[in-house]
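Please go through the helix packing and the strand pairing of this model with me.

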Amino acid sequence: MMIKRRTAVLWAIAAGAIILGTGAQTWIESSQISGLPGNAVTTTGNEAAAVVPAMALVGMAAGIALSMARRIGRWITALLLLLAGVATAWSSVQAALDPAAAAHSQVSEASGTTAGAGVYAVTVWPWLTLVGGILLFLCGLAVLLFGRRWATTRRYEAAPATRTATTASGTESPAGPTAGPTAASTTPEDLDEIDAWDELSRGQDPT
């Protein structure tokens, strides 16, 4: 199995977009608040876990950087994806398992007191954000495992070619091998579009 660079780029951007979208939704609905009978206070993911939108942007930026990164840059990008995925997953799970702490600021602001709500209802959105965090982590892992195979080099080797010479009697006979350039690639996989552009930028013919 081989993950191409273009696939990893789209993977990271898509995972970041999932986190960014789910973080903007309502994660927690708080009700039975003192001083607010019958009214519920909603808390979005960005409010419950402020790190979520930041990690979404980190993931998307890492995906864009991955399209241009060289060897060391790929390792740095992979580590950013791993850290962003872990931070997102941890924050979403923490908010879902402890909604009182995650929604405390919004409840206190609405009631004007430090008292908490009587009931906290957790929606599905933090769990979907968890999925986005896992996708970011897996993308970083894939870059670590397959990124080294994206580095491509090409060389030209001399291959023997047989030419014929005409003797005085009019018959043709082999005159010996001559060197003819034939392209040989050291890569185990075909180049994708991004690697082809890298070849052109180094003055090499990717074809």
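Q: Are α1 and α3 roughly parallel or roughly antiparallel to each other?

A: This is a predicted model, in which local features need pLDDT of at least 70, side-chain atom pairs count only at pLDDT 80 or more, and totals for chains, interfaces and linings use all residues. Residues are numbered from 1 along each chain as its sequence is written, and side-chain values use heavy atoms, without hydrogens and water. Helix α1 (residues 5-23) packs on helix α3 (residues 51-66) at about 165°, their axes 8 Å apart; angles run from 0 to 180 degrees between N-to-C directions, along lines fitted to C-alpha atoms, for helices over the stretch in contact. Angles over 145 degrees count as roughly antiparallel and those under 35 as roughly parallel, so α1 and α3 are roughly antiparallel.

Q: Which strands stand at the edges of the sheet?

A: Helices (H or I, at least four residues) and strands (E, at least two) are DSSP runs, numbered from the N terminus, and two strands pair if DSSP finds at least two bridges between them. Four bridges join β1 (residues 26-31) to β2 (residues 41-44), and four bridges also link β1 with β3 (residues 119-122). The open sheet has the order β2-β1-β3, with antiparallel pairing. Each edge strand has a single partner, so one of its sides has no neighbour in the sheet; these strands are β2 and β3.

Q: Which residue of β3 is the bridge partner of Ser31?

A: β1 and β3 pair in the antiparallel sense. In β3, the bridge partner of Ser31 is Val119.

Terms used:
Parallel < 35°, antiparallel > 145°, perpendicular 65-115°, else oblique.
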